[in-house]
Amino acid sequence: TPAQARVSIDKIGESSFVTKYIFESQAGPHFEVALVHAFVSVKTRQKVAMPDVVRERLELYQRQCGGA
């Protein structure tokens, strides 16, 4: 059977968040990937606070999907 991917928001920080991808089939999990997304200033290349609207959407997704 074809593999499927489960996507979750693993962690939400002040200026970054982590998405977790689990690829699996009926035989079980094949592999996991964690991807860190960081918010940085284009001018200074320093970290900046995550916009409130982004944080709110991520937290909503996390709650709806049974995340942390």
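Leaving aside residues up to four places away in sequence, Leu35 touches Phe17, Val18, Thr19 and Tyr21, where contact means heavy atoms within 4.5 Å. This is a predicted model, in which local features need pLDDT of at least 70 and side-chain atom pairs count only at pLDDT 80 or more, while totals for chains, interfaces and linings use all residues. Residues are numbered from 1 along each chain as its sequence is written, and side-chain values use heavy atoms, with hydrogens and water left out.

**Leu35**
- Leu35 lies in strand β3, strands being DSSP runs of E with at least two residues and helices runs of H or I with at least four, numbered from the N terminus.
- Leu35 counts as partly exposed because its relative accessibility is 40%, which falls between buried (under 20% relative accessible area) and exposed (over 50%), with a 1.4 Å probe and protein chains only.
- The C-alpha atoms of Leu35 and Arg63 are separated by 19 Å, and the two residues are 28 apart along the chain.

**The sheet and its helix**
- Three strands form an open sheet in the order β1-β2-β3 with antiparallel pairing, where two strands pair if DSSP finds at least two bridges between them.
- The edge strands, each pairing on one side only, are β1 (4–12) and β3 (28–38).
- β1 and β2 (residues 16–25) pair in the antiparallel sense over 8 bridges, and Ile9 stands opposite Thr19 in β2.
- Helix α1 (residues 52–64) packs on the sheet, touching β1 and β2, and its direction makes about 125° with that of β1; axes are lines fitted to C-alpha atoms, for helices over the stretch in contact, and angles run from 0 to 180 degrees between N-to-C directions.
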